[in-house]
Amino acid sequence: MTLGEFVVIATPPAEARTGAARALLDTVGVTLAGASQPAARIVQRVIEFDGSGPCRVLGTTLRASPGNAALANGTAAHALDYDDMCFVSLAHPSAPLVSAALAAAEVAGASGPALLDAYVVGFELEARLGRAMNPRHYQRGWHCTSTLGTIGAAAAASRLLGLDAKAAGHALAIAASEASGLKENFGTMVKPLHAGLAARNGVLAAQLARAGMIASAAAIEGPQGFLAAMDSEQPGLDGVVADLGTRWEILETGITVKLYPSCAGTHPSLDALLDLRRREGFCGADVEAVEIGIDPIAPTILIYDHPSSGLEGKFSMPFCAAAAVVHGRVGLETFHASQIADPAIVAMQARVTMRIDPTLDASAPPLTQARVSVRLRDGRVLTACANGARGYHDRPASDDELAAKFMSCATQAMSDTQGNEALAALRNIESVADVRTVTTRLQSRQA
């Protein structure tokens, strides 16, 4: 089966659709919250010049063209770094996928089940590419949310726009030339822009292919193709695509829902620290030092020892750990400017050290393990090990946790009543005949 054929004819199982529906709910929530962030606002101002269109820019009163809506929603979805993760693709899969799929679904008047199936095929391709390309691709400096996300978004959009297998193959090849995104921009507004660009470029690739644009059949696996040019761990896909359509990554690999709005590389450590704090009853004033052992991938993304902004703070283990120790929580408010300069957090982060721990399981997925040691002023040393975190595939967020997170995010843009109505509509997505009946509920309270 070619990749284009898979995009068009794959029949995801019911359990895969259920996983996609949970991802859709979570992603719409973080998009509504992210719509008011500076990076998202900048994109919204830029796309306004292009005029209105058929697609909703979530959490606003704007409507835009499919590509511009995908750009704006993808940027907003990733603006708070609160969107979900996949530890095989090493990407935030849903920010580009949901944004591209919603835009394509609105144009096509697609049903809820069609939207979910499109999400699943996009997720599958991202995960398979991740298996072939990582960790080398990611370590080299490529941001997988953008690189692999562009391919996944093109797959989802191609399915919803009704491309045949040949055209879908061209769309994936076009997307391979569009894909980019550099990790050096982590901690800046450009990181969420990566997700927006991936969503927009995926939609554009599908539109171009549907209009007749053709591309190289070797654009992904050729000697100068996507894998080779972007430092893939493996030279080809044969070993990871043979069971496409029979084995489902979304069920085996799963989607990690973030319960902290910071880089996923901080989450195992935060779980361990917060559990220790609750169990042992210490506070910031009791702590002499904190040492955190991590895997070799974590330092490539947790690059800020002394963050100067909330965005940088999301990629700072010292800051996140200090906030957890001082306040006993890490939430949206943790990354406000006032918290970055909080004297108690600043003093504590100077006592946090992060180092690579060679005793961690090298076979475990990157960013999933940590060893935490807290030295108290009374001489006690408290230790904890983390293998994953709450919200991970093997410790999934409950329906109540998802709903609570959704409402905390949605009410950044809309009233409690609107948020509850949106939550109910999204929970019912598998019985929706036209996705546009849902997206009309996702505008801001000013509408």
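This is a predicted model: local features need pLDDT of at least 70, side-chain atom pairs count only at pLDDT 80 or more; totals for chains, interfaces and linings use all residues.

Let me begin with the cavities. The structure contains six that reach 30 Å³ or more. Sorted by class, the lining of the largest cavity comprises nine nonpolar, four polar and two charged residues.

The second largest cavity holds about 40 Å³. Which residues line the second largest cavity? They are Leu3, Leu125, Arg128, Leu129, Ile151, Leu237 and Val241. Helix H6, residues 112-133, gives the most to this lining, with three residues. By class, the lining of the second largest cavity has six nonpolar residues, one charged residue and no polar ones.

I turn now to the helix pair. Helix H9 spans residues 165-178 and helix H10 spans residues 190-210; their axes come within 8 Å and cross at roughly 135 degrees. H9 is therefore oblique to H10. The crossing of H9 past H10 is right-handed.

Which residues in H9 and H10 meet? From H9 come Ala167, His170, Ala171, Ile174, Ala175 and Glu178. They meet Asn201, Gly202, Leu204, Ala205, Ala206, Leu208 and Ala209 in H10. In this contact of H9 with H10, nine residues are nonpolar, three are polar and one is charged.

Thank you for your attention.

Definitions and conventions
Residues are numbered from 1 along each chain as its sequence is written. Side-chain values use heavy atoms; hydrogens and water are left out. On a 1 Å grid over the protein atoms alone, a cavity is a set of points where a 1.4 Å probe fits but cannot get out, and a pocket is an open set with protein on both sides within 12 Å along at least five of seven lines; lining residues have an atom within 4 Å of a point. Grid points are joined across faces, edges and corners, and a volume is the space filled by probe spheres set on the points. Ala, Val, Leu, Ile, Met, Phe, Trp, Tyr, Cys and Pro count as nonpolar, Asp, Glu, Lys and Arg as charged, and the others, Gly among them, as polar. Helices (H or I, at least four residues) and strands (E, at least two) are DSSP runs, numbered from the N terminus. Axes are lines fitted to C-alpha atoms, for helices over the stretch in contact, and angles run from 0 to 180 degrees between N-to-C directions. Angles under 35 degrees count as roughly parallel, over 145 as roughly antiparallel, 65 to 115 as roughly perpendicular and the rest as oblique. A crossing is left-handed if the near helix is turned anticlockwise from the far one by less than a right angle, and right-handed if clockwise. Contact means heavy atoms within 4.5 Å.
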